[in-house]
Amino acid sequence: MKLNMMSSPYKHSQKSVTRIMLMVAIAAIPGILAQCYFFGTGVLIQLVLALVCVTIFESAMLLIRGRKVWPTLQDGSAWLTGLLLAISIPPLAPWWIVVIGCFFAIVFVKQLYGGLGFNLFNPAMAGYVLLLVSFPVQMTAWLPVSELASSPIGFVDGLSVIFTNYTQSGFSVEQLRTSVDGITMATPLDTLKTDVSHGMTVAESMAKPIFGQSAGLGWQWVNAAYLLGGLVLLQQRVINWHIPVAMIASLGLCASIGYIFDSGNQPGLAFHMLSGATMLGAFFIATDPVSASTTNRGRLIYGAAIGLLVYLIRSFGGYPDAVAFAVLLMNMAVPLIDHYTQPRTYGHGAKS
């Protein structure tokens, strides 16, 4: 084996924490714009509110801990946490949903563990799961896509609903969730799970207008947009390919097997790939450098296990989408995975 030796000077990679966080945020822009197009500008309102909240909570905790605020705040990790949490919740969720989620993510999951680099769990997903378990009604109140909505929502009405629960015309969130056919809409994943549990086949359920021609009106384009952003992150080497590829391959394999053996109750590959938070989770959430595995073999195991858990929870669990739960479960397994997948030290075992 040839060992290439290099002497100084060495060139810095230029990939500071701030730069990496900024590049991840920029790569998420196509997905955010797609969400705004299909679900309204409430996405942007939640995003701004989340950024304000995480800034306040991070600054307060740093002051309490006797740390300098700006040098730590400018690494962008808190802002990225706020961004990921904001785009994961329904666009017209009440304002206090964002506040509680950001508070838990920053204070309990990040800062009480010691700050960036010490947190065991992904802060954004921990905040999301807390909200989903504690406030299931508000966290599942997704609007129908704009082309199916009976009452299109503008920026002012979105602002009014988030802070008062009603539009300027007096419509509630529940009324806004009604489609042009007078049906209260849910996400494609939730709709399919409910229909199958009531005895309908996948084909019968997916004949509903919300599904369009594949994975759900709007949702497939949102996932495609996050896939585009994820490919940019891979091209710029901001993230490694191991976790997203392993997660997508594992989920795709499970979905294909399930469809082959039970097509009446299991949707196909395209549905799992382009519904819910699949691409957002694969490229922007599971790849969190702090809470994910750090070895190449470990990343493959970590990503594949997340894909498997997503499929199992979606198919047999109580929640329609499972990315957040799968990521948090595997966060707990990271120390064990890293322990058994450490690369062999160069020269280890060689004869003296």
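Student: Where does Arg 237 lie in this predicted model?
Tutor: The model is predicted. Helix H13 spans 219–235 and helix H14 spans 242–261. Arg 237 is in the loop between H13 and H14.

Student: Is Arg 237 buried or exposed?
Tutor: The cut-off for exposed is over 50% relative accessible area. Arg 237 has a relative accessibility of 67%, so Arg 237 counts as exposed.

Student: What is the phi of Arg 237?
Tutor: Most residues other than glycine have a negative phi. Arg 237 is not a glycine, yet its phi is positive. The value is about 60 degrees.

Student: Which loop holds Asn 165, and what is its phi?
Tutor: Asn 165 is in the loop between helix H9 (155–164) and helix H10 (173–176). Asn 165 is a residue other than glycine, with a positive phi. That phi is near 75 degrees.

Student: Is Asn 165 buried, partly exposed or exposed?
Tutor: Buried means under 20% and exposed means over 50%. Asn 165 has a relative accessible area of 39%, so the residue is partly exposed.

Student: What span does H14 reach from its first C-alpha to its last?
Tutor: H14 has 20 residues. At 1.5 Å a residue, 28 Å is expected. The span in the model is close to that, at 28 Å.

Student: Which helices do the buried residues of H14 pack against?
Tutor: The buried residues of H14 include His 242, Met 247, Leu 251 and Cys 254. Gly 252 and Gly 258 are also among them. The buried residues pack against H13, helix H15 (269–274), helix H16 (278–285), helix H17 (296–316) and helix H18 (323–340).

Student: Where on helix H1 do the buried residues fall?
Tutor: In H1 (residues 17–27), Met 21, Met 23, Val 24 and Ala 27 are buried. Seen down the axis of H1, the buried residues fall within an arc of 160 degrees, so they line one face of the helix.

Student: What do the buried residues of H1 pack against?
Tutor: Met 21 is one of these buried residues. Their partners are helix H2 (29–39), helix H5 (77–86), H13 and H16.

Student: Is Ser 59 buried or exposed?
Tutor: Ser 59 lies in helix H3 (residues 42–64). Its relative accessible area is 15%, under the 20% cut-off, so Ser 59 is buried.

Student: Which residue has a backbone oxygen 2.7 Å from a polar atom of the side chain of Ser 59?
Tutor: Beyond four places in sequence, Ser 59 touches Val 69 and Leu 73. The backbone oxygen 2.7 Å from a polar side-chain atom of Ser 59 belongs to Thr 55.

Key
Residues are numbered from 1 along each chain as its sequence is written. This is a predicted model: local features need pLDDT of at least 70, side-chain atom pairs count only at pLDDT 80 or more; totals for chains, interfaces and linings use all residues. Side-chain values use heavy atoms; hydrogens and water are left out. Helices (H or I, at least four residues) and strands (E, at least two) are DSSP runs, numbered from the N terminus. Buried means under 20% relative accessible area, exposed over 50%, partly exposed in between (1.4 Å probe, protein chains only). A polar contact is a pair of N or O atoms within 3.5 Å; within protein, one must be able to donate a hydrogen and the other to accept it, and residues adjacent in sequence count only if both atoms are side-chain atoms. Contact means heavy atoms within 4.5 Å. The expected span of a helix is 1.5 Å times one less than its number of residues. The arc is that of the directions from the helix axis to the C-beta atoms.
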